[in-house]
Amino acid sequence: MNKILKFAGKTVGALAAAYAGLFLVFYFDLDGKLLYYVVEPTLIKHYDRMERRDPLAVPYEQIERDYM
Amino acid sequence: MVISTEILGIKNALAERKELKAKKCSKKGKVKYPNPAFFKAKTNMDWKKQADNLKEVAGIFVEMFKEADHKAFWKLQLDRTKNDLERCALEFKQAREMSPEELKEVFLYGEKTLGKLYRKGDMATVRREWRGLADTAYDFKEWLKIWGMLLGTFSKDLIPALNSTFHYRWMISYFCCIGFLDKNTMGQKGSALRMSHLMTYDIFRYTAENLVFLAKCDEKNGNSHELNKKVVLFDEMTMGQLMGGFPDLLGIPYQLLPVFLVSELDQLTCIPYIDAVESFGLPADTCPVPSSECGALVVDALPHMGTCFLSSSMPCDGSVMASSYMSRRFPDLPVYHLTFPVRYEYEETTADAVEDIKGCIKFVEEQTGAKWNWDTYFEQIKRFNAETAYELQKWEVNKTDYPQIIGPSYELFRKWNYEMDGGADPRIMKTFGKVNDIMMKAYERREEAWVGKMRYRGIVWSCPAHYYANFSNWLANCWGVNVLVEMESLNFTKMLETEDKEEAFMDLARLYERMVMRRHTNGGYHNVVDELWKQVEDWRIDIIIMYQHVACKNMATLQGILDDQARDKNYNMIWIEHDLMDPRTVSRKSMREKVNEYMRTVMKAEPVDATLLDFDDELSM
C-alpha cells in the first residue's frame, strides 16, 4: 500500500513539476526566444548558403492549350 | 511461403475492414478530413541528397559555434537577463505599491498596460501577457494544445516536413506561429479569448496539414508520386469550392503557404522575394503580392509538385501576371487560366464565367483522370451555406450595441477557414457552432469584447496590410477603436444553389466574381465608394480605418473621391498608408503614428493604454 502511495505521490510530483516547468516556458515566452534567437539565425545562415535550382535557366515559354 | 500467404490474407482482411469502416463512416456523414490516405501516400525521397543537406546544417551549427563571439553572445544574454530581472523587480515594486484591491484586480482580471511586453531590438516578447488567473490558465492550456496539434500533425510524415525546414526559408516563420497567436489575442479575455483560440486553432491546423502535404509532394523532399497524381494546385487567391466536385483529389492553394499566409505571420518573410524580383528590373511600386510570388520563383522558394495548376484573375490583374510567370517557370506543369469577367454586375457576363468553370473542370478531368461528382459538390456547398448563415449571425451581433466577435483572429478565420476553404473541411462546422454558442451567450450577458476598451465603432476599408495583420488588435488596446467589420468580409452572401446543376454553376461563378477584395477594389466606383457609406450607416460607424495600399493602382484612382466625400459627410476617416507585404516602405510604427496623430489632434482623445503609443517592433515577426 505504502509503495502504491509513494508511486502515486511521485507521479503527482513529477506531473506538477512538468506543469510548473511548462508554465515557466509559456509565461516567459522561452519557446519563442529559443526559436527567434537560436534556431532562426542558424537556419538563415544555412538558407543563404544553399545551392538552389536556377528557375531562370528554364526556357521562357508558355504551353498553349485550349479547354473551352 | 505459407507464412507470407497468411500475412497477405491478414493484410487483405484488415484492408477490407478498414474500407467497410470508411464506408460506414461515410454513410453516417463522418468522413475523415483530410483523407488519411493523403498522409500515408508513399514518398520517394532522395535520401542521399537529404543526408547531404542535413550534413550541411550540422556543419553550419559547428561552424557557427566555432566562429561565434562567445564573449559577446554571453554578454548579450547576461544583459537580457539583467534587463528581465530589472523588469521583474520593477513589476514587483509596482505590485507592492498597489492597494490590496488593485492587486486583487490584476491577479484576477489581468494587467492593464501591454506596451511593456515589447523590448527594442527584440524579436520575441519579454514575457506573455498576464490575463488574470482563469484566463492565463486557459491561455496556457491552449498553448499546450496548439503545440501538441502542430507536433502531432507534423508527425504524420515527419521526415519530409523536417526536410522542408532545411530547404525553405519561410518554414521557420511557421515555427514562430505561437508568437503570432499571442499578438492576435493580446488584451483579450473571457469569451473573446475563447473564441479567438478556437478559430486560431483551426487556422493553424489547416496550415500545418497543408505544410505536410507540400513537403510530401515536393520533388526536393518527399517527392511522393502517389500523392502528386492527386494534387491540383490552384492560385492562392482562388477559393476552394470548385474542388468539392473532385472528392478524390487534393486541392492546394499553391503560393498560399510559402508567400501569402506566411506574410501575415511574419512581417519579414517576403523581403527576400521582393528584393530578388526587383533586382531583375521589376518596378518597386508593383503590388507586393505578385512581386513576392514571382520573387519566390526566382529564389526557388516554391515546391515543385502537383499534376496541374489553376491560375486565376482573382482578385485582380496582379494574379494574372504572377500566374503567367509561374507557368513559364514550371513548363512541365499544365496551367488553366480562370479569367472571370470583372463587370460582374452585368448578369449576361455570368454565362461567360460558367463556360470558364466548365472548361476548368474538363481540364482537371483530363489532367488527373478524376470525374466531376455533383453529389460531393452539393454536399460541400450545403456546408458552405451553413457557414455563411453563421457568418451572417456574427454580423447581426456586431451591428448591435454589444458586438462580440472582433479582432484579427476572426478576420483571419473568415478568410482562410470559411471563404478559401469553401466548406471543404467538415471540422470547421464544429468550430463555427462552438464560436456561435459562446458569442450568443456573451451577447445575452452583454459582455464587452474588449473589457473597458469599447470606445469607438470602427470599419476597415480597402486592402489591409499583411505585415500588420494584428493592427485591429492594437487599435482596440491602445485607443479603444473596435473594428466590427472589414471590407474584405462583405462579399457574396447569397445561399448557393444545391439542386439545379446549371444554376449551381451560375452561383459558383457569381461567388468567384465577388470574392475577397475583388468585389470592391475591382468592382468600380459604386462598389467601393457608395458601398462604404452604406456600410458606415448600417454598422453605425464612428471611425473609418481607410487603408491606402501604396502599390494598389485600383484604389489609388479613388483616393481623392473618398477623401472629398468623407469630408462632405463629416465622417472620421483615418488614412493609413502601407505596402501590403513590404514593411520597409511604411513600417508598423508609422502606421500606428497615423492613428495616434488623428486621435490626438482631431478626436482630442486620450489613449486607453499609453504604453502602446510608441514601441519598437521593426524586428519582431
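Here are some notes on this predicted model, point by point, for anyone opening it for the first time.

1. Chain A has two helices and zero strands. Of its 68 residues, 10% are buried.

2. Next, look at where the two chains meet. On the chain A side 31 residues are in contact with chain B, and on the chain B side 35 residues take part. Both α1 (2-27) and α2 (30-49) of chain A supply at least two residues each to the side that touches chain B. The largest share comes from α2(A), with twelve residues. As for the make-up of that side of chain A, count 18 nonpolar, four polar and nine charged residues.

3. Four strands make an open sheet in the order β6-β5-β7-β8 of chain B, with parallel pairing. Its edges are β6 (481-486) and β8 (572-578) of chain B, each of which pairs on one side only. From one strand to the next, the twist averages 30°.

4. Stay with that sheet for a moment. Strand β5 of chain B, residues 456-461, runs parallel to β6(B), and five bridges join the two. If you want a landmark, V460(B) stands opposite E486(B) in β6(B). Helix α21 of chain B (residues 471-479) packs on the sheet, where it touches β5 and β6 of chain B. The direction of α21(B) makes about 150° with that of β6(B).

5. The largest nonpolar core is the next stop. This core has 162 residues, and the members that touch the most others are I459(B), L475(B), I544(B) and I545(B). Which helix gives the largest share of this core? That is α10(B), with 14 residues. As a rule, nonpolar side chains in soluble globular proteins tend to be buried together.

6. Leaving out residues up to four places away in sequence, I545(B) touches G458(B), I459(B), V460(B), V483(B), I574(B) and I576(B). One of these, V460(B), is the residue that stands opposite E486(B), and another, I459(B), is among the core members with the most contacts.

7. α10(B) also shows up in a helix pair. Helix α6 (residues 133-154) and helix α10 (residues 190-217) of chain B pack at about 10°, and their axes are 10 Å apart. With an angle under 35 degrees, α6(B) is therefore roughly parallel to α10(B). Among the residues making the contact are Y138(B), I146(B), M149(B) and L150(B) from α6(B), and L193(B), Y201(B), F204(B) and V212(B) from α10(B). By class, the contact has ten nonpolar, three polar and five charged residues.

8. Helix α15 (residues 288-298) and helix α16 (residues 317-329) of chain B pack at about 10°, with axes 8 Å apart. So α15(B) and α16(B) are roughly parallel to each other. V289(B), P290(B), E293(B), C294(B) and L297(B) of α15(B) meet a set of α16(B) residues including M321(B), A322(B), Y325(B) and R329(B).

9. Last, a loop residue. P247(B) is found in the loop between β1 and β2 of chain B. Is P247(B) buried or partly exposed? P247(B) is partly exposed, because 17 other C-beta atoms lie within 10 Å, and being buried takes 20 or more. Setting aside neighbours within four places in sequence, P247(B) is in contact with N373(B) and T376(B). P247(B) and N35(B) are 212 residues apart in sequence, yet 9.3 Å apart in space, C-alpha to C-alpha.

Conventions:
Residues are numbered from 1 along each chain as its sequence is written. Chains are lettered from A and ligands numbered from 1 in the order in which they are written. This is a predicted model: local features need pLDDT of at least 70, side-chain atom pairs count only at pLDDT 80 or more; totals for chains, interfaces and linings use all residues. Two residues are in contact if their C-beta atoms, placed from the backbone, lie within 7 Å. Ala, Val, Leu, Ile, Met, Phe, Trp, Tyr, Cys and Pro count as nonpolar, Asp, Glu, Lys and Arg as charged, and the others, Gly among them, as polar. Two strands pair if DSSP finds at least two bridges between them. Axes are lines fitted to C-alpha atoms, for helices over the stretch in contact, and angles run from 0 to 180 degrees between N-to-C directions. A residue is buried if 20 or more other C-beta atoms lie within 10 Å of its own, exposed if 12 or fewer, and partly exposed in between; C-beta atoms are placed from the backbone. Angles under 35 degrees count as roughly parallel, over 145 as roughly antiparallel, 65 to 115 as roughly perpendicular and the rest as oblique. A nonpolar core is a set of buried Ala, Val, Leu, Ile, Met, Phe, Trp, Tyr and Cys residues joined through C-beta atoms within 7 Å.
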